[in-house]
Amino acid sequence: MSFHTINLKINDVAHTASVEGNLTLLELLRERIGLTGTKNGCFSGECGACTVLMNGEPVNSCMVLAAEADGARILTVEGLAENGRMDALQEAFIEETGTQCGFCTPGMLISARALLDRNPNPSEEEIKQALRGHLCRCTGYVRIIRAVQKAAALESRRAA
Amino acid sequence: MSEKKIQNSESLIGSSVPRLDGREKVTGEALFTDDFQFGPNLLHGRIVRCPHPHARILHIDTRKALELPGVRAVVTGEDSDDHIGLYLKDRFIFCKDRARFVGDPVAGVVAVSEEIAAKACELVDVDYEVLEPVLDPVQGFDKNSPLLHPDLGEYVCASYIDPEPGTNVANYFRVRKGDIESAWDKCSAVVERSFRVPHVQHVPIEPHIAVAKVADGGKITLWSSSQSPFAQRNLIAEALGVSQSDIRVIAPYVGGGFGSKAGVSVEGMAVVMARKVSGFPVKLRLTREEEFTCSFVRQGLVARTKVGADKAGNLLAMKTEYYWDAGAYAEYGVNITRASGYSSTGPYRIPNVWADSYCVYTNHPVGGPMRGFGMPEIHWGIEQIMDLVAEELGMDKVEFRLKNCLQGGDRNVTGMVMHPIGLSECISKAAEAIDWDKEAAPTVPGRKRGKGLAIMWKAPAMPPNAGSSAWVRLNEDATVSLGLGGQEIGQGTFTVAAQMAAEALGVPFGWIRISTPVDTRYSPYEWQTVASRLTWSMGNAIAAAAKNARTQILDLAAEHWDENPDDLDIRNGEVISYRSEQSMPLKDMVVYGLPVPDGEGWHGGPIIGHGNFMPTYVTDLDNETGQGTRAVVHYTTGCQAVDLEVDPTTGQVVIHKISSAFDVGKAINPEQVRAQMEGGVVQGISTALLESLQFRDGQPVNPGFVDYRIATSVDIPTEIIPIIVEVPQDDGPWGARGIGEHPMVPTAPAIANAVAAATGVRILELPLTAEKLYLKMEEAEKD
């Protein structure tokens, strides 16, 4: 088994890790670093629960090798709030009941964050398209979409 | 005391407070079972599964697996003791002599990593004698088909379960009411059809996971993603011959259950494996592929139904045969057969009924509880055939249902007098919400637009005496620890539990802290988080516990003030007297009591209230006729109406609007009720249009998300209209009934009815895929 030493920034904190060549980014986050907010729903890139931002782009962390993340900036659900102040998306998910069992929620939030970062005022259709890779079995998506709309409105008000 | 203070604070009941677990769940702090850290001692389990649908196990050689470095133990059927099962003890934790479906657990490997455990599984050498399988419930019902459970007559089962030894029928339930044969002659419309429902899977986004540890001379700790910590404790204790008190189940948040995490599935295996490596925790988590076929699936169904009505549109007779595809083990599923039998008419008033409901063993995965517990499956047929009868009579489908649906005071199929229900109101409101009476034009020329509706009923299906308990403990600052044993599986139960406790006690909502995670060592008993029963049953226990604490507090204050407790109240965290207008904050008395005047000692002490609830009025049903005084605790009823269009060039169904009206008795938290309705509608749409677990010669064909699609954000309707109807339940807390399962029950038949209205084509076999519909439309055009 070959090991790689990697340096990466996770939620603005620098980490150095020695990882096996076949270790995934998801396993690195959950099992080595202890950031368990990112969820493992299928381990095959199909459910979206493990989504994190890698250099600003949403990726299924179960399909990325930890070694590939060398030098990367990673954002997980734990990094969304800043100094204890929740992200607008987090607030909106609470207010609009965008979460039920909560297992898909971290991945949903991360992809929604990426969407609002590149498109601060998305249409309903654009939100649906951005989240289509995320399976949710509880909510029927209705309130998740509403929460993203609400967060977008909140952020544009704050920016104004 | 000022007038203002004495005024009633706003009721928490009916208030849409945000979810208590919202913050934890959006920050990633909420702990699910796989998030617990067990340190470097943690071992990992993987399961050796039978590759054949039906086989005798001749020999298992574990030597090579045990020699692989990193492997700590291998367990087989020899390590599991007695039979296990909820209503019928018909399975072993690991197979002993026979395996009955592709995926049946034959051996378990414990190793230092999942990877090594998986490798070692391939080294376990199992000799099978392949046996002829049963792959269809109608085939399995045939007396000449292979017998899957020769020992059926020896299995322990609940008194209301009726297995037929020497056959593949694990349970037989029948209804004989009125005189069915003479009734047909009085009918001017008679319709007969067969319907099929395939196996589907619950697809919780969190796969099954359990971690077990055995220590201290055999005491077991089990961390599991579980809807049923107490049932798991009980069933595993009975199967392994240990005391219930020596099994501790710790059950954190559940990442979706829908029934799949009720009863026992992977948890027993984790415990048996952990017993071999005492002192070490063993983690067993299912892969997504295993999740599709190795925990529970929804039972399949073949239904044959005949319904007749007179000229005026009164339903006169209904004859039904249900052949349930129970899969390899029916330990839990036998009660689906019973529930579908005693609910076989749907929510209709029909004087003459004949129903046979058979639970048939097959060599498919284990058919277990899933959201609706048989009701989505039977309503698929019931609600289509009712449409067909109405068509035959030339009656409007809303009118036909309003004319025949049950009302409070009617006797239902089992002879039970219906409690007050708001079904008619649900029908009228759901229909109105999609402008039932107005024809709508297709949004794209060439498409076919149509409307349809379906109604439903569902009772909690459970043992007659399934109970709940709760406690409330007052803390120094008068915040309240609320102990409960029901599980937060996403339905919002912790939030409504806190609302009910706060309301019953008289303290602000923000003062309630749920004692989580549910832990059978400390938490009060709860049967299971199933059957949409918590708001009602656990709610009653919580209200009783709060009332008990309240009585203690008022008695103490009355003694202190030398007043009558009847003149006192607790409002907004203060004890007040309506007579003397004194008040005292709870924090001054609920832990340290109160001083007797003049320093002559103290009275009171730490307040802890307890309460329980168990229905005591459910009666047996006659074995021959299915008749009895009260078969169930209550029925939740409702209606969904759909406005959709079909693209005839593809068979694609586009849903514009779906209204969803249910009589919930009382909505404790209306927004959470609406959230259940929306989620249920989408799960219903998903099973209606997309989902089917397919098998070829007993081998699963599509156990993965690529080939088994569930609804995503782009598959949802343009508009879902949730409608709350409230006709109070006499024994529900504040009148409440459950609503968790019901919203997915009528969705599929409502869509099928709307598709039939749009296209003239009726699909009798789920799912209603674009391909199936396209081919049917093409066929119809040729005719």
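This is a predicted model: local features need pLDDT of at least 70, side-chain atom pairs count only at pLDDT 80 or more; totals for chains, interfaces and linings use all residues.

Analyst: We'll go through the chains, their domains, the contact between them and the core.

User: OK. How many helices and strands in chain A?

Analyst: Chain A has five helices and five strands. Helices (H or I, at least four residues) and strands (E, at least two) are DSSP runs, numbered from the N terminus. The order along the sequence is β-β-α-β-β-β-α-α-α-α.

User: How much of chain A counts as buried?

Analyst: 56% of its 160 residues. Buried means that 20 or more other C-beta atoms lie within 10 Å of the residue's own; exposed means 12 or fewer, partly exposed is in between, and the C-beta atoms are placed from the backbone.

User: Which domains does chain A have?

Analyst: Domain 1 (3-79) and domain 2 (88-159). Such bounds come from an automatic or database domain assignment. The C-alpha centres of these two domains of chain A lie 22 Å apart.

User: How many residues are in contact between them?

Analyst: 16 residues of domain 1 of chain A are in contact with 13 residues of domain 2 of chain A. Contact means that the C-beta atoms of two residues, placed from the backbone, lie within 7 Å. On the domain 1 side, strand 3 (51-54) and strand 4 (57-60) of chain A each give two or more residues. Strand 3 of chain A gives the most, with three residues.

User: Switch to chain B. What's in it?

Analyst: Chain B has 18 helices and 33 strands. Its radius of gyration is 27 Å, close to the 28 Å that the globule rule gives for 783 residues, so chain B is as compact as a globular protein of that length. The C-alpha trace of chain B spans about 95 × 75 × 50 Å along its principal axes. Of the 783 residues of chain B, 61% count as buried.

User: What are the domains there?

Analyst: Chain B is assigned domain 1 (3-30 + 466-613), domain 2 (39-131 + 208-285) and domain 3 (297-462 + 620-782). The C-alpha centres of domain 1 and domain 2 of chain B are 40 Å apart. Between those two, 17 residues of domain 1 of chain B are in contact with 18 residues of domain 2 of chain B.

User: Now the two chains together. How many residues are in contact?

Analyst: 43 residues of chain A are in contact with 44 residues of chain B. Helix 2 (88-95), helix 3 (105-118), helix 4 (124-131) and helix 5 (142-159) of chain A each give two or more residues to the chain A side. Helix 2 of chain A gives the largest share, four residues.

User: What classes of residue are on that side?

Analyst: The side of chain A that touches chain B has 20 nonpolar, 16 polar and seven charged residues. Ala, Val, Leu, Ile, Met, Phe, Trp, Tyr, Cys and Pro count as nonpolar, Asp, Glu, Lys and Arg as charged, and the others, Gly among them, as polar.

User: Back to helix 2 of chain A. What covers its buried residues?

Analyst: The cover includes helix 3 and helix 5 of chain A, together with helix 2 (22-27) of chain B. Six of the eight residues of helix 2 of chain A are buried. Among them are L89(A), F93(A) and I94(A). T97(A) follows helix 2 of chain A and has a positive phi, near 55°.

User: Last one: how many residues are in the largest nonpolar core?

Analyst: It has 319 residues, and those with the most contacts inside it are V109(B), A270(B), A501(B) and I542(B). Helix 15 (residues 534-561) of chain B gives the largest share of this core, 14 residues. A nonpolar core is a set of buried Ala, Val, Leu, Ile, Met, Phe, Trp, Tyr and Cys residues joined through C-beta atoms within 7 Å.

User: And around A270(B)?

Analyst: A270(B) is buried in helix 8 of chain B. Ten of the ten residues of helix 8 (residues 266-275) of chain B are buried.

Technical notes: Residues are numbered from 1 along each chain as its sequence is written. Chains are lettered from A and ligands numbered from 1 in the order in which they are written. The radius of gyration is taken over C-alpha atoms; the globule rule is 2.2 Å times the number of residues to the power 0.38.
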